[in-house]
Amino acid sequence: MNAAAPHVVVIGYGPVAARLVDELVPAVRRGEMALTVIGEEAAAAYNRVLVADLGVGRTTEEAISVSDPAELEAAGVTVLRGARVLRVDRARQRVTLADGPWLGYTSLVFATGARPVVPPLHGLNPDPAAHSPLPRGVIALRGLDDAAVLRGAVARRERVVVLGGGILGLEAALAARDEGALVTVVHHGPHTLGRSIDAGAGHTVAAALRARGITVVSDARAVGVEMGAGADGVPAFSALALDGGPAVEGALLVLSCGVRPRTELAEGAGLATGRGILVDHSLQAHHDPAIFAIGDCAEVRCLDSSCADCAAGTGPLGLIGPGWRQAEWLAAFLTAGAAAAHPLPAERAPVMMLKARGVDVAAAGDVAAGPFDDVPGLAVSVWADPEHGKYVKMGTRSGVLAGFISVGMPRTGAELTLLFERGAELPADRSALLRLDGPDAAPASPDPSRNVCRCAGVSGETISAAVAQGCSTVPEISAATRAGTGCGGCHGDLKALIEAHFAPA
Ligand SMILES: Cc1cc2nc3c(=O)[nH]c(=O)nc-3n(C[C@H](O)[C@H](O)[C@H](O)COP(=O)(O)OP(=O)(O)OC[C@H]3O[C@@H](n4cnc5c(N)ncnc54)[C@H](O)[C@@H]3O)c2cc1C
């Protein structure tokens with residue numbers, strides 16, 4: 001190692017930090033850089049997206065691990081696990097660890113992620129600095145420990161209460177129900193997924209949840225948690241108290257009330273923060289070129305008030321794909337320098353897709369207006385078939401898709417997703433899209449340039465090339481191309497591409 005080599009220190013060892021570290025390993029091997037990654041969790045980085053799957057026993061810790069500390073150490077990376085950075089001293093360019101020692105840095109990367117919001121309910125301590133913030137029988141599904149608690153409740157087929165009707169709450173509820181738990185979803189709006197879909201779609205989703213045996217309590221205001229004697233006599237969660245309604249009993253409460261970027265360390269160091277740690281298009285912190293932020297903790301908002309991308313920005317997206325793209329971009333920036341790096345592309349508006357077996361929901365963009373609302377320039381079409389759990393809404397401006405909802409119509413939803421991401425025009429006959437899910441629909445022949453894995457941004461062409469070179473299973477494709485390493489929603493498509501390749505033979 002060149003003694004004058006820069007020292008890059010990464011705070012956080014989640015999936016986004018792990019991607020950055022992977023991309024920097026070649027520079028470490030060449031002796032061009034010293035690299036230290038510091039993670040508070042005892043485990044090596046894992047794919048947090050799959051924590052609910054882990055919690056219901058559909059996958060294992062080993063399968064969701066995305067980093068191998070022994071391999072990294074062998075390459076010359078210093079990996080500190082179970083270590084928390086307590087303070088950043090920007091004047092001296094060093095970080096202090098919770099147990100005392102400090103480390104100097106040339107470049108410092110915040111990859112501190114986000115933490116779940118603990119709602120202000122009687123009996124819960126919402127302070128993240130509290131030593132044991134949640135009582136026994138209450139979890140916010142984010143880490144391996146939470147998954148282990150959910151696993152126990154599902155295995156014992158206990159009653160699980162999910163507080164929050166957003167996408168992560170519904171995914172956890174559906175997975176737990178599918179694996180045998182009794183599940184109640186409690187949420188405060190008139191329908192679930194209230195931020196992403198309209199009332200018609202909300203009713204359709206609620207009916208799908210009820211058909212799966214999930215109890216849905218809407219328009220509810222939770223006010224406190226009630227504790228009783230657990231099976232071993234130790235006090236544990238027993239019911240969720242509601243304002244003006246009967247308490248909802250259960251053995252486990254899963255809080256799913258949103259996440260908040262972890263910015264407190266950056267704030268303590270005097271860095272500018274908004275909803276996340278504020279960085280420019282080079283992922284550099286405002287006013288400190290030695291500091292960067294990526295992933296769930298980072299908010300890209302530059303200092304140019306006329307920047308259209310930043311004006312449209314809504315804060316950290318809380319999605320793994322954008323974090324991985326930032327990690328890859330930053331690795332190129334740190335190794336090749338500013339001159340060599342292409343500008344970081346702006347992220348497109350995200351498409352919300354529910355990951356659940358047999359409940360297909362996708363939505364994006366502007367979906368609030370109805371077909372008869374007078375919104376200048378917006379044309380809205382709606383088709384609803386509540387009896388069969390199907391609902392589609394499409395809103396266009398000058399023929400271009402500005403927003404959509406698709407429930408119970410997987411092919412239509414996939415096509416609308418593609419059209420939305422491309423900013424494409426819809427066919428004049430909108431019913432053509434609905435027919436994609438009809439019994440006489442022609443088999444789809446997908447555009448090979450389309451991204452099959454949206455988390456890792458891998459196209460059908462790249463996957464087909466990997467299959468042609470010998471990959472014949474999803475894990476092999478993932479190892480070769482990174483497709484399928486995020487939310488896993490594309491695994492069916494990966495299998496279809498493998499089958500299509502081998503079908504003629
Ligand atoms: C149940 C669930 C389902 C999800 N589903 C999807 C999905 O379908 N699609 C999708 O795109 N995204 C999904 N997400 C979101 C996705 O997991 C996050 O976008 C992703 O984990 C962000 O990665 P990150 O590395 O930025 O942050 P994190 O994963 O939060 O990791 C940050 C790490 O930094 C550590 N850390 C923080 N502060 C310090 C400190 N001071 N010192 C040392 N270490 C520190 C934390 O302990 C943590 O290990 C889901 C998340 C959950 C919980």
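**Exercise 1. The second largest pocket**

Find how much space the second largest pocket of this predicted model holds, and what lines that pocket.

Solution. 
- Step 1: Start with volume. The second largest pocket contains about 330 Å³ of space.
- Step 2: Look to its centre. The lining has 17 residues, and Arg136, Arg156, Glu158, Ala236 and Ala251 are the closest to the centre.
- Step 3: Trace the elements. Two or more lining residues come from each of α5 (144-155), β13 (222-229) and β14 (235-242). The biggest giver is β14, with three residues.
- Step 4: Sort by class. Eight lining residues are nonpolar, five are polar and four are charged.

**Exercise 2. The shell around the ligand**

Solution. 

**Exercise 3. Polar contacts and cover**

Give the distances from ligand atoms to Ile320, Ala111 and Arg262, then state how much of the ligand the protein covers.

Solution. 
- Step 1: Take the backbone. A polar backbone atom of Ile320 sits 2.8 Å from a ligand oxygen. For Ala111, a backbone N or O atom lies 3.5 Å from an oxygen of the ligand.
- Step 2: Take the side chain. An N or O atom in the side chain of Arg262 is 3.5 Å from a ligand nitrogen.
- Step 3: Read the cover. On its own, the ligand has 1,000 Å² of accessible area, and the protein covers 93% of this.

Definitions and conventions:
Residues numbered from 1 in each chain as written. Predicted model: local features only at pLDDT ≥ 70, side-chain atom pairs only at ≥ 80, totals over all residues. Heavy atoms only, no water. Polar contact = N/O pair within 3.5 Å; in protein donor to acceptor, adjacent residues only side chain to side chain. Areas by Shrake-Rupley, 256 points an atom, 1.4 Å probe, with all protein chains shown as cover. 1 Å grid on protein atoms, 1.4 Å probe; cavity = no way out; pocket = protein on both sides within 12 Å on 5 of 7 lines; lining within 4 Å. Points joined across faces, edges and corners; volume = space filled by probe spheres on them. Helix = DSSP H or I, 4+ residues; strand = E, 2+ residues; numbered from the N terminus. Nonpolar A, V, L, I, M, F, W, Y, C, P; charged D, E, K, R; others polar.
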